[in-house]
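Open the model in your viewer and keep the selection panel at hand.

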Amino acid sequence: MTTICCVGDIITDVLAALQAPLAPESDTPAHIQVAGGGQAANTASWLAASGADVVLVGAIGDDQSGRDRVAELTAAGVRVAAQVCPGSATGAIVVLSTLHGRSMITDRGANLLLTPESVAAGLSDAGRLHLSAYTLLDPGSRRAGRYALDQALARGIAVSVDAASAHPLEQVGPELFFSWVRGTQILLANSDEARVLAGDGTPEEQARRLADAVEGSAVVKLGGRGAVWALPDGETISAPAPEVRTLDTTGAGDAFAAGLIGALAAGASPEKALEAATALGSQAVTTLGARPPVRVPSEVGR
């Protein structure tokens, strides 16, 4: 079985799934929970729940929150290579979730201190790398993120990168971002991220521009409308999303990534892998929070 190494944030999510429009300077009813989060950690959890062999590289503080996050991930079947950073707190995010989207207030905490040495340990036996671009977009963790990409590409390891977040991408700019991720096998971006990196156009046009920019392939995630994947040979494939009742969109893109790379690691065709990705992403929106509540069956080969 191919080992998949996920590199990125380990976070505590304080999730408020609003039950009504936000009432500024007043009260708004919501479902609230405190649980594990972080883009790479979420993807690793969905991969493990689908039966993949996965190791997560990230950084935590020497605090109870960090120990809780590692315990959750370990119980979920993820091998955690956590860099413990004394004097720094484990990262935390306040997530305001509605049926129309999410807003996140982020303190990356110890994640900013991730080192190349920690990445090297996690990559040692990996056959694939999945990198959260948050590591690249913040100067504090950029050296570790770039090291992960450089080492994986030098060793011929298949690399996927999640573009992470539209606003930080705007601050960095497409040209610099593409200089970091060129050679990536698969770049994943949602509609907002694709617009920042590839400009306006149809999802197919955006996916092709992104694929050309990274000299690989690119997936544009369309939420409830499915996804489009521009392959290296110029072909574009798409998959619809199953119709489900949406409860919370937090972590849906992370689950999508897990479905895609998990299926590819198991030998699935691009068409089957994209179907698995949309299926797992759709499953994620039916539950509260960013992680799988129970072990999920693999979609590979269906």
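Start by selecting Cys 85. Its relative accessibility is 4%, so Cys 85 counts as buried (buried is under 20% relative accessible area, exposed over 50%, partly exposed in between, with a 1.4 Å probe and protein chains only).

A note before moving on: this is a predicted model, in which local features need pLDDT of at least 70 and side-chain atom pairs count only at pLDDT 80 or more, while totals for chains, interfaces and linings use all residues. Numbering runs from 1 along each chain as its sequence is written, and side-chain values use heavy atoms, leaving out hydrogens and water.

Next, select Cys 5. It is buried too, at 0% relative accessibility. Its closest cysteine sulfur belongs to Cys 6, 6.9 Å away, which is too far for a bond. Cys 85 is in no disulfide either; its nearest cysteine sulfur, that of Cys 5, lies 17 Å away. The structure holds zero disulfides (a disulfide being a pair of cysteine sulfur atoms within 2.5 Å).

Now select residues 39-49, helix H1. Eleven of its eleven residues are buried, so H1 is largely enclosed by the rest of the structure. Among them are Gln 39, Asn 42, Trp 46 and Leu 47. Helices are DSSP runs of H or I, at least four residues; strands are runs of E, at least two; both are numbered from the N terminus. Step on to Gly 51, which follows H1 and has a positive phi, near 100 degrees.

Last, select Ala 92 in strand E6, residues 91-98. Ala 92 is partly exposed, at 30% relative accessible area. Leaving aside neighbours within four places in sequence, Ala 92 is in contact (heavy atoms within 4.5 Å) with Ile 11, Thr 12, Ile 105, Thr 106 and Asp 107.
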